[in-house]
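Student: I have a structure on the screen and would like to work through it with you. Can we take it by question and answer?

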Amino acid sequence: MKLCLPLAATCRSLICVPRAQPFATAASSGVGLGLPRVAELIGSATPGSVVVMAGAGVSVSSGIPDFRSPGTGLYDNLQEYGLPYPEAIFDLDFYRRNPKPFQRLCKELWPGNFAPSPTHYFFKLLHDKGKLRRVFTQNIDSLETASGLPADLVVAAHGNFDGAHRVTDTGHPGAAVPLEEVRQAALHGGDAEWDALFEAHGGPVKPSIVFFGEQLPRRFFELARADFPKCELLLVLGTSLGVHPFAGLVGETRVGVPRLLINRDRVGEHLGLDFASGTDGWVGGDSDAAVRELASLLGWTAELEQLVQGGGGGGGGGG
């Protein structure tokens, strides 16, 4: 297998997401491998052979803003925190020196304020139908498991809020910290509660999301090496494929394995996606519209909408 990403690799461009915007109720454009053929491939796929890569675009309809959109993105709305530059709020060195801005933002980011999107529920349905092998996600919102998808089927490449740890000087996470302690400080506390956590655990603590300067979870590398050789269909949704090493996963399938990109912009050709090959395709527009079309083609519409309307059954954990 080609994947030889060093375990010491750091996510230097962690929050680099597409400028996602809402679209109408149908895919707006496309080239190469199309949704009808992909539906056929899903229907005939060997159990546990469909791998998903997900980015920020799959969560926009849940109400979660992306990070870089001018005016509406998170980075354009951090003036109140007095940061030297917007990305500092996710910088490990800055957090060691001044954890207060992120600690204040933590309440807004903490999962529970947003519901999964239809795209998240489609991932759950792929699992229910026995087709899904794994979801590799760039997102830190934990909405994959909130949809009811089992935690062991989700790889949060950039971590999430399902754990917490003490911050060290090495870039390696320190000792685990009880998540409930951090949750209580984030949602119901203030500076005094965060300071008490510092004293109790011998240093600053934070949720286990990957900051600039931190290493990606070991599990990301281990499961990428295990899963991609067994992938028969790769679905890539809502990502600009601009963040490495996550983006490089599109090149880790076996030669000839079909790969479908569902994203606002046509991207990934610099990574080897070949939309003229007959095995790769791009569907432009909204991921929710695209997965609803796939569900219709597969005869799964009623089941998907039942998950969406019923909240999916709820899951926990992850990463």
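Student: Is arginine 264 buried, partly exposed or exposed?

Tutor: One note first: this is a predicted model. Buried means under 20% relative accessible area, and exposed means over 50%. Arginine 264 has 27% relative accessibility, so the residue counts as partly exposed.

Student: Which residue meets the side chain of arginine 264 in a salt bridge?

Tutor: Side chains of opposite charge can pair when their charged atoms come close. Here the N to O distance is 3.1 Å.

Student: How many salt bridges does the structure hold?

Tutor: The cut-off is a side-chain nitrogen of Lys or Arg within 4 Å of a carboxyl oxygen of Asp or Glu. For the structure, the count is 14.

Student: How far apart are the closest N and O atoms of arginine 96 and aspartate 93?

Tutor: Both residues sit in helix H2, residues 92-97. They are three residues apart, which means a separation of about one helical turn. Arginine 96 is partly exposed at 26%, and aspartate 93 is partly exposed at 45%. Their salt bridge has its closest N and O atoms apart by 2.6 Å.

Student: Are aspartate 280 and arginine 259 buried or exposed?

Tutor: Their side chains meet in a salt bridge, 2.7 Å from N to O. The pair links distant parts of the chain, with aspartate 280 in strand S9 (residues 280-284) and arginine 259 in strand S8 (residues 259-263). They are 21 residues apart. As for accessibility, both residues are buried.

Student: Why is the pair of tyrosine 95 and phenylalanine 211 edge-to-face?

Tutor: The structure holds ten aromatic pairs. In this one, the ring centres are 5.7 Å apart. Planes over 60 degrees apart count as edge-to-face. The pair is edge-to-face because the planes stand at 85°.

Student: How many residues apart in sequence are phenylalanine 102 and phenylalanine 211?

Tutor: They form an edge-to-face pair, 5.0 Å centre to centre, with 80° between the planes. Both are buried. Phenylalanine 102 lies in helix H3 and phenylalanine 211 in the loop between S6 and H8, so the pair ties together parts whose separation in sequence is 109 residues.

Student: Which residues do ring pairs link into a cluster?

Tutor: Tyrosine 95 pairs with phenylalanine 211. Phenylalanine 102 also pairs with phenylalanine 211. The cluster is Phe90, Tyr95, Phe102 and Phe211.

Student: Which residue has its charged end over the ring of phenylalanine 211?

Tutor: The cut-off for the distance to the ring centre is 6 Å. Here the charged end is 4.4 Å from the centre. The residue is lysine 206.

Student: Which residues does proline 101 contact, leaving aside its neighbours within four places in sequence?

Tutor: Proline 101 is in helix H3, residues 100-109, and is buried at 4%. Proline 101 and tyrosine 81 are 20 residues apart in sequence and 5.6 Å apart in space, C-alpha to C-alpha. The contacts are Tyr81, Leu83, Ile89 and Phe94.

Student: How far apart in space are valine 52 and leucine 132?

Tutor: Valine 52 is in strand S2, residues 50-54, and is buried at 0%. Its contacts beyond four places in sequence include Phe123, Leu132 and Leu237. Valine 52 and leucine 132 are 80 residues apart in sequence, yet their C-alpha distance is 8.0 Å.

Student: What share of the residues of the protein chain counts as buried?

Tutor: Valine 52 is buried, and so is phenylalanine 211. The chain has ten helices and nine strands. Of its 319 residues, the buried share is 53%.

Methods: Residues numbered from 1 in each chain as written. Predicted model: local features only at pLDDT ≥ 70, side-chain atom pairs only at ≥ 80, totals over all residues. Heavy atoms only, no water. Helix = DSSP H or I, 4+ residues; strand = E, 2+ residues; numbered from the N terminus. Buried < 20%, exposed > 50% of the residue type's maximum accessible area, 1.4 Å probe, protein only. Contact = heavy atoms within 4.5 Å. Phe/Tyr/Trp six-rings, centres within 6.5 Å; stacked < 30°, edge-to-face > 60°. Lys NZ or Arg CZ within 6 Å of the ring centre and 35° of its normal.
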